[in-house]
Amino acid sequence: QVQLVESGGGLVQAGGSLRLSCAASGRAFSTGIMGWFRQAPGKEREFVATISRSGGSTYYANSLKGRFTISRDNAKNTVYLQMNRLIPEDTAVYYCAASFAEGSNLLSRGSSYQYWGQGTQVIVSS
């Protein structure tokens with residue numbers, strides 16, 4: 001079993017920045033592909049970003065490129081999501097996810113991930 005705990009969410013004004021963190025425990029972190037997803041009120045969960053095991057490759061939802069950055073520190077068992085120039089449409093619960101399946105290195109489908117955190121709320125006011 002893997003435990004994921006997100007932190008860093010909160011209330012921020014439009015144009016501001018937040019950095020979300022996801023701390024993992026229970027399994028070798030460096031063997032997992034990590035991802036961030038979000039779910040806005042009344043909407044389905046959507047892909048945000050993913051990062052390879054070593055951190056050498058990343059992939060983002062097209063609408064978020066240039067504003068969001070995913071990174072990881074395997075020594076700290078932590079993955080991050082830096083969010084800049086936030087807009088009200090970014091308001092959502094943000095979830096961290098981990099996959100330990102064989103093969104691949106970037107995953108954008110929620111069904112590809114076996115473990116999920118409880119989520120952290122991000123509210124962007126206008």
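Student: In this predicted model, are cysteine 22 and cysteine 96 buried or exposed?

Tutor: The model is predicted, so the call rests on computed accessible area. Buried means under 20% relative accessible area. By that cut-off, cysteine 22 and cysteine 96 are both buried.

Student: What is the S to S distance in the disulfide of cysteine 22 and cysteine 96?

Tutor: A search of the whole structure turns up one disulfide. Cysteine 22 and cysteine 96 are its two ends. The cut-off for sulfur pairs is 2.5 Å. Here the S to S distance is 2.1 Å.

Student: Is that link left-handed or right-handed?

Tutor: Look at the angle about the S-S bond of cysteine 22 and cysteine 96. The angle is -80°. That makes the link left-handed.

Student: How many residues apart are cysteine 22 and cysteine 96?

Tutor: Cysteine 22 sits in strand β3, cysteine 96 in strand β9. The pair links distant parts of the chain. The separation is 74 residues.

Student: Which element gives the most residues to the largest nonpolar core?

Tutor: This core has 36 residues. Trp36, Val79, Leu81, Met83 and Tyr94 touch the most other members. Elements giving two or more residues include β3 (18–25), β8 (78–83) and β9 (92–99). The top contributor, with five residues, is β9.

Student: Which strands stand at the edges of the open four-stranded sheet?

Tutor: The strand order is β1-β3-β8-β7, with antiparallel pairing.

Student: Which residue in β3 stands opposite serine 7?

Tutor: β1 and β3 pair in the antiparallel sense over five bridges. Opposite serine 7 stands serine 21.

Technical notes: Residues numbered from 1 in each chain as written. Predicted model: local features only at pLDDT ≥ 70, side-chain atom pairs only at ≥ 80, totals over all residues. Heavy atoms only, no water. Core = buried A, V, L, I, M, F, W, Y, C linked by side-chain atoms within 4.5 Å. Buried < 20%, exposed > 50% of the residue type's maximum accessible area, 1.4 Å probe, protein only. Pairing = 2+ DSSP bridges.
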